Amino acid sequence: MPDPDAGPARCRPWPTRRLPPGVAMTGLLEINELCVRVPRPGALWQRLGGRNPPPLEILCGVTLDLAAGETLALVGESGSGKTTLARAIMGLQPFCAGSIRFEQAVLTGRGRRRWHRLRRRAAMIFQDAVASLSPRLTVGRLVTEPLSIHGRPMGDRAAEAGRLLSMVGLSPDMAGRYPRELSGGQARRVTVARALAMEPRLVIADEPTAGLDVSVQAEILNLMTGLQRDLGVAYLLITHNLAVVRHVSHRMAVLYLGHLVEVGATAAVTARPRHPYTAALLASEPSIDPARRPAGPALDGEVPSLFDRPPGCAFHTRCRRATDLCRTLQPQFLPVDTGHVVACHHPLD
Ligand SMILES: Nc1ncnc2c1ncn2[C@@H]1O[C@H](COP(=O)(O)OP(=O)(O)OP(=O)(O)O)[C@@H](O)[C@H]1O
Ligand code: SF4
Ligand SMILES: [Mg+2]
């Protein structure tokens, strides 16, 4: 939710990163120029010493939309801001500028009722979802807990737990077990059942298959896509696994150091990435099929520190195509094809 202490008046003006005309901005979720900043560690002491250190910029003008029933994959190296974006959408991370609109309701301002409504209609599978399952609650209690939290009448709790467990391919008998008695795949299914308990329109899944064997990953992904077909739920899928992105997402968005750099249909972006960072990310993907590798260069060097954000294009310190223009001017989104946008001064052919 917006942070009253870091309101727009304290934000530096941002170059506009609106999607160009012709790119759809209608649908379930619309994020417009979202900025998240946090105080630097030790900022309070520095302020007491008379200095005013600028905040760390975690997300910089992120604009993104998600349609009902769609899967949008969000990719980017560690620290690019994926989880921060997810948390901001869920109202768990204050943002200092921009807006979020969910089912036509704008979630800016202090409209607590709107955030409450979003939490009933959207659910998040956290990055450490299995660890977040309370070890003291039974599986039956865990999957029905969201219903009690939101005061939704459920009649017979055992029957409801059984229904939710069956939906994710688990036996209703498992309702009496505790998380420590589950395998990794079963625990992950419980997190999916818990997320779907309120029949959400949107599920944000942060690394839902991380740490699972390949076969169990496939089971969870097939489960999620099956439920999408049946229930029409939309997924914002956060993952490092590009094979997963190719397998399940309709569109993908690439985040670099808090900036979105490329958004488009997954098939188009993976077949012909137009941003050098996307190309490098795809080129660094482990693959046994050389034909699937794009011709772009692999990723050089480290992600710059948030404490020392490069001017101009944030990727210029690692980009082999960088020019003086890149080092001074932040690129804007430009359409390179229908629904395919890239923020780069010199996009790949
Ligand atoms: N409250 C905070 N205070 C300081 N830094 C923060 C805060 N929240 C996030 N960050 C920093 O913002 C950056 C983005 O974090 P985030 O967790 O969103 O990355 P991520 O893309 O999800 O990474 P990963 O793939 O490793 O999960 C990181 O460098 C993180 O340390
Ligand atoms: S704007 Fe310049 S530095 Fe940034 S990705 Fe494009 S070519 Fe590379
Ligand atoms: Mg994360």
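Analyst: A residue counts as buried if 20 or more other C-beta atoms, placed from the backbone, lie within 10 Å of its own. Please note that this is a predicted model.

User: What share of the 349 residues in the protein chain is buried?

Analyst: Buried residues account for 41% of them. The secondary structure of the chain consists of 11 helices and 12 strands.

User: Now ligand 1. Which residues come nearest?

Analyst: The shell holds 13 residues, and S78, G79, K82, T83 and T84 come nearest to ligand 1. By class, this shell has 4 nonpolar, 8 polar and 1 charged residues.

User: Which element gives the most to that shell?

Analyst: Helix 2 does, with 3 residues. Helix 2 (82–89) and strand 2 (56–66) each contribute at least two residues.

User: And which residues come nearest to ligand 2?

Analyst: C313, H316, C319, C326 and C344, out of 14 residues around ligand 2. The shell of ligand 2 comprises 9 nonpolar, 4 polar and 1 charged residues.

User: Changing topic: at what angle do helix 6 and helix 7 cross?

Analyst: The axes of helix 6 (residues 184–196) and helix 7 (residues 214–231) cross at roughly 20° and come within 10 Å. Angles under 35 degrees count as roughly parallel, so helix 6 is roughly parallel to helix 7. The crossing is right-handed.

User: Which residues meet there?

Analyst: From helix 6, G184, G185, R188, R189, V192 and L196 meet V216, E219, I220, L223, M224 and L227 of helix 7. The residues of this contact divide into 7 nonpolar, 2 polar and 3 charged.

Definitions and conventions
Residues numbered from 1 in each chain as written. Chains lettered and ligands numbered in written order. Predicted model: local features only at pLDDT ≥ 70, side-chain atom pairs only at ≥ 80, totals over all residues. Near = placed C-beta within 6 Å. Helix = DSSP H or I, 4+ residues; strand = E, 2+ residues; numbered from the N terminus. Nonpolar A, V, L, I, M, F, W, Y, C, P; charged D, E, K, R; others polar. Buried ≥ 20, exposed ≤ 12 C-beta atoms within 10 Å, placed from the backbone. Axes fitted to C-alpha atoms, helices over the stretch in contact; angles between N-to-C directions. Parallel < 35°, antiparallel > 145°, perpendicular 65-115°, else oblique. Left-handed = near helix turned anticlockwise from the far one by under 90°. Contact = placed C-beta atoms within 7 Å.
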